[in-house]
Amino acid sequence: MLRTEDRVVLLRALYVTMVRMRGVEETIADLLEAKEIGCPTHLYTGQEAVAAGVCAALRADDYVFGGHRSHGHYLAKGGDLNALMAELYGKKTGCSGGRGGSMHLVAPEVGVLGTAPLVAGTIPIAVGAALASALRGDGRVTVAFFGDGAAEEGVFHESMNLAAHRKLPVIFACENNSYASHMHLLERRARDNIVASAEAHGMPGRVLDGNDVLAVLSAATEAVRDARSGAGPTLLECRTYRWRGHVGPALDFDVGVRRKDELCEWRGKDPVTRLAEHLLACGMTREDLDGVRRDVDAEVHKAVTFARESAPPEVESLTEHVYRSASERQG
């Protein structure tokens, strides 16, 4: 049980993380609309509580993998903001050297081993990392973040089966925002039952309010404890909603009336506002919260300036990391 002052410190840290994610994503939306950023970009606005809650339960040396909507995972795990922004600008100071763009983020120094846009593609890689940890006995836990559409891929089930059979230290964190691209979950599945996959594969499964960071943190803490102790994997299905469209800054109202009504409803469940109200009840003031937002605004502005002023990769370096030389193959 945390002391009251320690709990407020934890909640404030979660708030800073979530405000930073919101500030970054909304700034990127503006830059996309201004056509200053050109790479395909999938924004995380509205889903901040999931990454913040899960990553707060992890150690610095634990691993995370993500998909195409992973700016939030990168930031919550401690990824450098300047390097993220530079990556979206295609600059060599980017976290992937300006070669990956929004969908290919990597920061091994903080445990972000990779994000990739292939649906469900990083789930088996996360299980492989967990298998390596089990074989090495290094005590690390790996989290695979993915969307609800990934739960319909065969590799999701194959990965869960292996992880459960070997009791690997991995957490399957499904961010169920109801849509795979533009298609609603109940247009793709006969039943709204992703969490049932956990029982089928022999592991615990929980459905969470993915907009309640404290609920996510509590469930993730339990799952991490189990994974690290050798009890095996857990599936966490976090119900949330992305405010922006599938890709880019648009709101995707053109995909139907349902989307417009849903967005209005889910904005009323804003995870950042909910945590702010909780902090006010714990004794923080409006001035404290406004100070956090001002600090984040300044931090994001500084990162954009850093990205704009960074140099692009040299043309002669474009084939680096594509081919292996004969000496490298022999080594």
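**Helix α4 and its surroundings in a predicted model**

At the start of helix α4, a side-chain oxygen of aspartate 80 lies within 3.1 Å of the backbone nitrogen of asparagine 82. The model is predicted, so local features need pLDDT of at least 70 and side-chain atom pairs count only at pLDDT 80 or more, while totals for chains, interfaces and linings use all residues. Residues are numbered from 1 along each chain as its sequence is written, and side-chain values use heavy atoms, with hydrogens and water left out.

Helix α4 spans residues 81-88. Helices are DSSP runs of H or I with at least four residues, strands are E runs of at least two, and both are numbered from the N terminus. The helix is mostly covered, with seven of its eight residues buried. Buried means under 20% relative accessible area, exposed over 50%, and partly exposed in between (1.4 Å probe, protein chains only). The buried residues are Leu81, Ala83, Leu84, Met85, Ala86, Glu87 and Leu88. They pack against α1, α3 (71-76) and α11 (286-309); contact means heavy atoms within 4.5 Å. Glycine 90 follows α4 and has a positive phi, near 75 degrees.

Helix α1 (residues 4-33) also meets helix α8 (residues 213-229). Their axes come within 12 Å and cross at roughly 110 degrees. Axes are lines fitted to C-alpha atoms, for helices over the stretch in contact, and angles run from 0 to 180 degrees between N-to-C directions. The two helices are therefore roughly perpendicular, a class that covers 65 to 115 degrees. Arg7, Leu10, Leu11, Leu14 and Met18 of α1 contact Val213, Leu214 and Leu217 of α8. By class, this contact has seven nonpolar, no polar and one charged residues. Ala, Val, Leu, Ile, Met, Phe, Trp, Tyr, Cys and Pro count as nonpolar, Asp, Glu, Lys and Arg as charged, and the others, Gly among them, as polar.

Two non-glycine residues with positive phi lie in loops. Lysine 35 has a phi of about 60 degrees and sits between α1 and α2 (48-56). Lysine 35 is exposed, at 72% relative accessibility. Alanine 120 has a phi of about 70 degrees and sits between β2 (112-115) and α5 (123-136). Alanine 120 is buried, with a relative accessible area of 7%.

Across the chain, buried residues make up 51% of the 331 residues. Of the contacts with a separation of 6 or more, 74% join residues 24 or more positions apart.

Terms used. Angles under 35 degrees count as roughly parallel, over 145 as roughly antiparallel, 65 to 115 as roughly perpendicular and the rest as oblique. A polar contact is a pair of N or O atoms within 3.5 Å; within protein, one must be able to donate a hydrogen and the other to accept it, and residues adjacent in sequence count only if both atoms are side-chain atoms.
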